[in-house]
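Hello,

Here is the structure we talked about handing over. Please open it alongside this note, and then read on for what turned up.

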Amino acid sequence: MQLAFTTEPMSLILPAVRRVLADAGRVTFTVPDPDLGLGLYAGETTSEGIHRPLSVWTDLADLLGAHLHTPEVLGVGQIRLTLQRYAPAPAPDAAGYGTDGDWARVNKLEDPVFLATFVEALRRVNPPPGGRVLALGVNAGRELEALALAFSDRTFEVLGVDVDESALATARTRHPSFTFSVLDVNTLPLPELGTFDLVLALSLLQSPGIVPHDLLRAIRRHHLTPTGGLILGFPNARYLDGHLSYGARMKNYARPDLSLLCADVTQARRQLQKHGFKVFVTGKYEVLVTAIPAGIETPTGLEF
């Protein structure tokens, strides 16, 4: 079934598209070409009807749990859009985080917002050449590739730790000059590890069995140099049929609910500020909390 929209409000479009998608798993409809309204706000009019930028339709697709196919230009000021419902695929971490699971296929550095904000966060901490980096819950170490992107003229002594040996085996192949060890972060602090100029913990602090306040306290007290900083990542998305869908989810909630995410980010921010850190909160699909000592001047020229 194909629908056509020109001057209809979104309050009519959304339920109409949802009904067809629910019944057929796929819906096709035409709308005014977004290129006709460049510079206009969504809801303003063009010669072909109500303008909405393409981002509105990507948001609608994700809201309804569907892929947005590549738009077709019809040549008369209209485009044709097709939404296809997400397949009921398991989450990539459903089978664990080892090399045999789908999580090994995920590459966060292909998300442009994560890439840009992570490189900026690394440059904000600004570990010195030859400095020590501790990556907690490092998995296969893919995100560590951003170190070279942020600091092409520096090398670091990197220690990555995780509980999954198969993932660490991949990390060792990917980064032969780094060190990777099996370690449960709940055993920290460990004096033999020493101190680090940068500590990374991406998508880790909300994992089952981890008490974020206790882990941060252990890192802050025992594993940071006086000028060292931290980058903490809090997921604000989940993968649905290969698609990165915005919004933190809570069990038994149909829609994203950001209350736990906000609470965890706020708690980490307050704890770090209380103990003498400047804290920056950035990101989208993964919220990054970056902390550097308050007495250190914040670096500039962070853009990737």
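**Aromatic pairs and rings**

Phe151 is buried, at 4% relative accessible area. Phe156 is buried as well, at 11%. Together, Phe151 and Phe156 make an aromatic pair. Their geometry is edge-to-face, with 75° between the planes and 5.5 Å from centre to centre. Please keep in mind that this is a predicted model.

How many aromatic pairs does the structure hold? There are eight. Ring pairs also tie Phe5, Phe29 and Trp57 into a cluster.

Arg132 places its charged end over the ring of Phe196, 4.1 Å from the centre. Lys108 lies over the face of Phe114, and here the distance to the ring centre is 5.9 Å.

Glu143 is in the loop between E8 and helix H4 (145-150). Glu143 is buried, yet it has no salt bridge. Which side chain of opposite charge is nearest to Glu143? That is Lys108, 4.4 Å away.

What does Glu143 touch, leaving aside neighbours within four places in sequence? Its contacts are Lys108, Leu109, Phe114, Phe118 and Leu202. Lys108 and Phe114 in that list are the two residues of the charge-over-ring arrangement above.

**Helix H6 and its cover**

Helix H6 runs over residues 212-222. Which of its residues are buried? They are Pro212, Leu215, Leu216, Ala218, Ile219 and Arg220. An α-helix has 3.6 residues a turn, so residues three or four places apart point the same way. Look at Leu215, Ala218 and Ile219 with that in mind; they are among the buried residues.

**Phe234**

Strand E12 holds Phe234. Is Phe234 buried or exposed? It is buried, with a relative accessible area of 2%.

Setting aside neighbours within four places in sequence, Phe234 contacts Leu205, Gln206, Leu261, Asp264, Val265, Ala268, Tyr285, Glu286, Val287 and Val289. Ser203 is 31 residues from Phe234 in sequence. In space, the two C-alpha atoms are 5.3 Å apart.

**Backbone points to check**

Most residues other than glycine have a negative phi, and most peptide bonds are trans.

- Ser203 has a positive phi of about 50° and is not a glycine. It sits in the loop between E11 and H6. At 26% relative accessibility, Ser203 is partly exposed.
- Asn139 also has a positive phi, near 55°. Its place is the loop between E8 and H4. Asn139 counts as buried, at 11% relative accessibility.
- Leu188 and Pro189 are joined by a cis peptide bond, with omega about 10°. Pro189 is in the loop between strand E10 (179-182) and E11.

Best wishes

Note on methods:
Residues are numbered from 1 along each chain as its sequence is written. This is a predicted model: local features need pLDDT of at least 70, side-chain atom pairs count only at pLDDT 80 or more; totals for chains, interfaces and linings use all residues. Side-chain values use heavy atoms; hydrogens and water are left out. Buried means under 20% relative accessible area, exposed over 50%, partly exposed in between (1.4 Å probe, protein chains only). Helices (H or I, at least four residues) and strands (E, at least two) are DSSP runs, numbered from the N terminus. Lys and Arg count as positive and Asp and Glu as negative; His and the chain ends are not counted. A salt bridge is a side-chain nitrogen of Lys or Arg within 4 Å of a carboxyl oxygen of Asp or Glu. Contact means heavy atoms within 4.5 Å. Rings of Phe, Tyr and Trp (its six-membered ring) pair if their centres lie within 6.5 Å; planes under 30 degrees apart count as stacked, over 60 as edge-to-face and the rest as tilted. A charge sits over a ring if NZ of Lys or CZ of Arg is within 6 Å of the ring centre and within 35 degrees of the ring normal.
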